[in-house]
Amino acid sequence: MDNGGEESIEAVAAARRERLRALKAAQELLNTPDADADNQEQQEEEELDNVNMKFRNYLPHDKQLQEGKLAPPVLPKFEDPVLMAPPPEEKKEDPFLNIAPKKPNWDLRRDVQKKLDKLERRTQKAMVTLMEQEEAKRRLKEDGGENGVQD
């Protein structure tokens with residue numbers, strides 16, 4: 001039993017050593033610079049140097065960067081359809097012509113208006129009664145005159 005256990009431990013250890021060696025080899029391959037990697041780095045540096053900057057709202061002081069200044073965009077003119085057709089013109093009156101100052105006693109009339117309305121009604125009633133009395137007197141005279149002539 002002891003032999004079988006020791007052999008299995010040695011086999012596991014040997015397998016582990018092999019895996020570690022494979023990992024180290026893979027790491028060395030990643031860390032070593034290749035010719036392709038150098039070319040990629042050089043191309044990235046050249047792209048950074050040749051970056052074309054565009055300025056819309058900023059005017060740079062550097063003459064090389066001023067070439068990147070963009071012209072302001074041309075916006076299409078907005079045409080409002082409501083303003084396209086002018087409304088029919090109405091005869092407009094000057095509002096200052098109709099302004100008239102209030103009479104100096106307007107506040108007194110406002111306060112007394114209820115009493116004046118009551119008096120107006122009473123006056124009308126009195127005039128009606130006076131007219132009725134006059135009409136009655138006239139009839140009496142006519143009736144009295146007719147009775148006197150017939151007698």
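Aspartate 111 forms a salt bridge with arginine 110, with the closest N and O atoms 3.3 Å apart; the term requires a side-chain nitrogen of Lys or Arg within 4 Å of a carboxyl oxygen of Asp or Glu.

I note that this is a predicted model, in which local features need pLDDT of at least 70 and side-chain atom pairs count only at pLDDT 80 or more, while totals for chains, interfaces and linings use all residues. Residues are numbered from 1 along each chain as its sequence is written, and side-chain values use heavy atoms, without hydrogens and water.

By the salt-bridge rule I count five.

I then checked glutamate 18, which pairs with arginine 21 at 2.7 Å between the closest N and O atoms. Both lie in helix α1 (residues 2-31), three residues apart, about one turn of the helix; helices are DSSP runs of H or I with at least four residues, numbered from the N terminus. Glutamate 18 counts as partly exposed because its relative accessibility is 47%.

Next I looked up glutamate 135, whose side chain meets that of arginine 139 in a salt bridge (3.8 Å, N to O). Salt bridges that share partners join Glu135, Arg138, Arg139 and Glu142 into one network.

Finally, I located valine 112 in helix α5 (residues 106-150). Its relative accessible area is 36%, so valine 112 is partly exposed.

Key:
Helix = DSSP H or I, 4+ residues; strand = E, 2+ residues; numbered from the N terminus. Buried < 20%, exposed > 50% of the residue type's maximum accessible area, 1.4 Å probe, protein only.
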